[in-house]
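Me: I'm new to this one. Can you walk me through it?

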Amino acid sequence: MKKVACLLAAIYFGCGQAAVADEFKNVKCASDIPKALIGQHASNEPVVVTEKRHRALGLKHLGADETSDQLSSIDWLICGSEFVTLVDRKGFVRDAIAFPPHSRKAPAYSGYCELNGRKLPDIFVAVLDGGEQKDDYLPVLSAWKIDLKGAKFIKASSEGLRCPRSGIYTVDGGR
């Protein structure tokens with residue numbers, strides 16, 4: 001009887017640990033944060049609860065986009081730097097990248113772009129060169145294509161790549 005009670009207690013406490021585990025459980029500042037996130041299961045609780053649990057990481061949810069029926073991109077501030085994750089519908093983090101700093105003059109972007117004037121079918125996350133340009137399409141400083149089938153970020157060349165202002169999501173709008 002004692003063995004059964006110990007087994008039940010172990011199962012109970014093991015499940016209790018799993019209930020509070022989330023994609024940030026292995027994250028430590030000054031470590032490889034994308035590597036710690038990939039493969040983890042995202043929590044299905046209010047963001048404020050997750051942020052509070054991981055306040056030592058300076059965790060802050062910065063927004064999310066549904067990139068397809070099976071994939072979402074989620075931006076997080078972790079340890080003072082921004083990261084973008086790809087999370088599948090089952091809740092697993094499939095990929096993560098450190099996202100470069102962005103600002104009004106170099107706004108963050110998510111959406112479709114053009115290469116040498118030709119519209120591309122892929123979704124990109126990027127930092128654009130907002131500079132003094134007033135064009136509707138801005139040149140790209142750095143970009144990643146989202147491989148929807150492989151659920152991966154693929155580093156893209158910025159040469160000839162331009163993206164419309166309409167996908168800018170930097171808080172100040174990049175204007």
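What follows is a short chat about this structure.

Me: What kind of model is this, and what limits apply?
Reply: It is a predicted model: local features need pLDDT of at least 70, side-chain atom pairs count only at pLDDT 80 or more, and totals for chains, interfaces and linings use all residues. Residues are numbered from 1 along each chain as its sequence is written, and side-chain values use heavy atoms, with hydrogens and water left out.

Me: What does the chain average in pLDDT?
Reply: The average is 88, and 86% of the residues score at least 70. pLDDT is the predictor's confidence in each residue, from 0 to 100.

Me: Where does pLDDT stay under 50?
Reply: Over residues 1-19. For that stretch the model has zero contacts beyond four places in sequence. A contact means heavy atoms within 4.5 Å. Where pLDDT is low, the predicted coordinates should not be read in detail.

Me: OK. How many helices and strands does the chain have?
Reply: Three helices and nine strands. Along the sequence the pattern is α-α-α-β-β-β-β-β-β-β-β-β. Helices (H or I, at least four residues) and strands (E, at least two) are DSSP runs, numbered from the N terminus.

Me: Which strands form the open sheet?
Reply: Four strands do, in the order β1-β2-β3-β4, with antiparallel pairing. Two strands pair if DSSP finds at least two bridges between them.

Me: Which strands stand at the edges?
Reply: β1 (60-66) and β4 (93-99). Each has a single partner strand, so one side of each is left without a neighbour in the sheet. The twist averages 20° from one strand to the next. Angles run from 0 to 180 degrees between N-to-C directions, with axes as lines fitted to C-alpha atoms, for helices over the stretch in contact.

Me: How many bridges join β2 to β3?
Reply: Eight, between β2 (residues 71-78) and β3 (residues 81-88), which run antiparallel. L71 stands opposite D88 in β3, and W76 stands opposite F83 in β3. The two strands form a hairpin with two residues between them. C79, in that turn, has a positive phi of about 55°.

Me: And β1 with β2?
Reply: That antiparallel pair has six bridges. K60 has L77 in β2 as its bridge partner. β1 and β2 also form a hairpin, with four residues between them.

Me: Is β2 mostly covered or mostly open?
Reply: Mostly covered: seven of its eight residues are buried. Buried means under 20% relative accessible area, exposed over 50%, partly exposed in between (1.4 Å probe, protein chains only).

Me: What about the whole chain?
Reply: Buried residues make up 41% of its 175 residues. The chain exposes about 10300 Å², and carbon and sulfur atoms supply 58% of that. The areas come from the Shrake-Rupley method with a 1.4 Å probe; for residues, only the protein chains shown count as cover.

Me: Switching topic. How many aromatic pairs does the structure hold?
Reply: Two. F24 and W76 form an edge-to-face pair, 4.9 Å centre to centre, with 75° between the planes. F24 lies in the loop between α1 (2-20) and α2 (33-37) and W76 in strand β2, so the pair ties together parts that are 52 residues apart in sequence. F24 is buried, at 1% relative accessible area. W76 is buried too, at 5% relative accessibility.

Me: And the other pair?
Reply: F99 and W144 form a tilted pair, 6.0 Å centre to centre, with 45° between the planes. The pair links distant parts of the chain: F99 is in strand β4 and W144 in strand β7, 45 residues apart. F99 counts as buried at 5% relative accessibility, and W144 counts as buried at 11%.

Me: What are the cut-offs for these pairs?
Reply: Rings of Phe, Tyr and Trp (its six-membered ring) pair if their centres lie within 6.5 Å; planes under 30 degrees apart count as stacked, over 60 as edge-to-face and the rest as tilted.

Me: Back to β7. What does β6 do with it?
Reply: Six bridges join β6 (residues 118-128) to β7 (residues 137-147), and the two run antiparallel. L128 stands opposite V140 in β7.

Me: How many bridges does β7 have with β8?
Reply: Five, in the antiparallel sense, with β8 at residues 152-156. K145 has I154 in β8 as its bridge partner. β7 and β8 form a hairpin with four residues between them, and A151 in the turn has a positive phi of about 50°.

Me: And with β9?
Reply: Three bridges join β7 to β9 (residues 161-164), running antiparallel. There, P139 stands opposite R162 in β9.
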